[in-house]
Amino acid sequence: MTARLIDGKAVAAARRAALAERVAALPFRPALRVVRVGEDPASVVYVRNKDRAAQAAGLDSATIVLPEATTEAGLLATVAALNDDPAVDGILVQLPLPPHIRAEAVIAALDPAKDVDGFHPLNAGLLAMGRPALVPCTPQGVMILLRETGTPLAGARAVVLGRSQIVGRPMAQLLLGADCTVTLAHSRTRDLAAECRRADILVAAVGRAEMVRGDWIAPGATVIDVGINRLPDGRLVGDVAFAEAAAVAGAITPVPGGVGPMTIACLLENTVAAALARRATAA
Ligand SMILES: Nc1nc(=O)c2c([nH]1)NC[C@@H]1CN(c3ccc(C(=O)N[C@@H](CCC(=O)O)C(=O)O)cc3)C=[N+]21
């Protein structure tokens, strides 16, 4: 392996520790509420990890668990109650939701000022205008890792693989805001490999195990792997074939231990930011 390993786990731990110091100095405890519907095993684990990290940072954190059979109206009522509760600063509705609930309707119902995922159309629209409010956690975490590793951004060619609302699109906006020349590639892109080979910065967020091969990567490029895919044998791998890519890239994130922990750190930072912004407005 020639590439430098980007240690997201360590960067995230340092940011959580710094945040805990800031929180301890506040005259109040920012409050995060995570809503989980049903018992999807991955969601159970992720939500527990978020709750633990939030409490360790000194936040007032609690999880609201609703049964799988909860109706869309029932979930909307829960969201409305959290919106109206002045003690709540941040709301996260864990995705995916059961198929009978429209995630879009639930996200649109969030108070944008409490939308610590940055998924509400108002926050997405502000980001697209270059006026970020609450920014989605995973792309924000990627930007922190790029800055942390000293990757030159202005004028760099950045290729984002995947156009989801949650990662690809906001990722492209943040890179554009940092003066990268951004290509947003996806499943219909002609000659994906050739597009990727032009990248100084390649962000893979497609959700397909090891799809990005070593010969898709320009020598010395920075490779950020957002994918978390569980193989049939139980192993956790990214969207990038790590060993092949690490032989070519200049720097690369591992899975696990790369972007994932940064997502949680940014969720906690967003919660504190939302708490401060709400109090600044209310005052
Ligand atoms: N409303 C909403 N917001 C989210 O931010 C959200 C969501 N729904 N639904 C699910 C995805 C997934 N997600 C992860 C967060 C942290 C890790 C993470 O910390 N991963 C570790 C451990 C991985 C493991 O061992 O499973 C790592 O990559 O090193 C992974 C995945 C947030 N999501």
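Predicted model: local features only at pLDDT ≥ 70, side-chain atom pairs only at ≥ 80, totals over all residues.
How many residues does the largest nonpolar core have, and which of those have the most contacts inside it?

View 1. Residues are numbered from 1 along each chain as its sequence is written. The domain assignment gives domain 1 (28-114) and domain 2 (136-259), with bounds that come from an automatic or database assignment. Taken over C-alpha atoms, the centres of domain 1 and domain 2 are separated by 28 Å. The unreviewed UniProt entry places the feature "domain: Tetrahydrofolate dehydrogenase/cyclohydrolase catalytic" at residues 6-117; such annotations may be inferred rather than shown by experiment, and the positions follow the numbering used here, with feature names shortened. Residues 6-117 are 47% helix and 16% strand, and the end C-alpha atoms of the span lie 24 Å apart. Helices (H or I, at least four residues) and strands (E, at least two) are DSSP runs, numbered from the N terminus.

**View 2. The largest nonpolar core.** The core has 84 residues, and those with the most contacts inside it are V160, L202, V203, A245, A249 and L268. Its largest share, ten residues, comes from α10. Domain 1 (28-114) and domain 2 (136-259) both give residues to this core, so it lies between them. A nonpolar core is a set of buried Ala, Val, Leu, Ile, Met, Phe, Trp, Tyr and Cys residues joined through C-beta atoms within 7 Å. A residue is buried if 20 or more other C-beta atoms lie within 10 Å of its own, exposed if 12 or fewer, and partly exposed in between, with C-beta atoms placed from the backbone.

**View 3. The shell around the ligand.** Of the 16 residues around the ligand, L95, P256, G257, G260 and T263 come nearest; a residue counts as near if its C-beta atom, placed from the backbone, lies within 6 Å. β4 (90-93) and α10 (259-282) each supply at least two residues of the shell, and α10 gives the most, with four. By class, the shell has eleven nonpolar, four polar and one charged residues. Here Ala, Val, Leu, Ile, Met, Phe, Trp, Tyr, Cys and Pro count as nonpolar, Asp, Glu, Lys and Arg as charged, and the others, Gly among them, as polar. Why does the shell lie between domain 1 and domain 2? Both domains give residues to the shell, so it lies between them.

**View 4. Two cis peptide bonds.** The bond from L95 to P96 is cis, with omega near 0°, and P96 is placed in the loop between β4 and α4 (103-109). V255 and P256 are also joined by a cis peptide bond, with omega about -5°. P256 lies in the loop between β11 and α10.

**View 5. The open sheet.** Six strands are arranged in the order β1-β11-β8-β7-β5-β6, with parallel pairing. The edge strands, β1 (4-5) and β6 (181-185), each pair on one side only. Two strands pair if DSSP finds at least two bridges between them. Two bridges join β8 (residues 222-225) to β11 (residues 251-252), and the partner of V223 in β11 is I252.

**View 6. Two loop residues with positive phi.** D191, in the loop between β6 and α8 (192-197), has phi near 50°. With 9 C-beta neighbours inside 10 Å, D191 counts as exposed. E210, in the loop between β7 (201-204) and β8, has a positive phi of about 55°. E210 is buried, with 20 other C-beta atoms within 10 Å.
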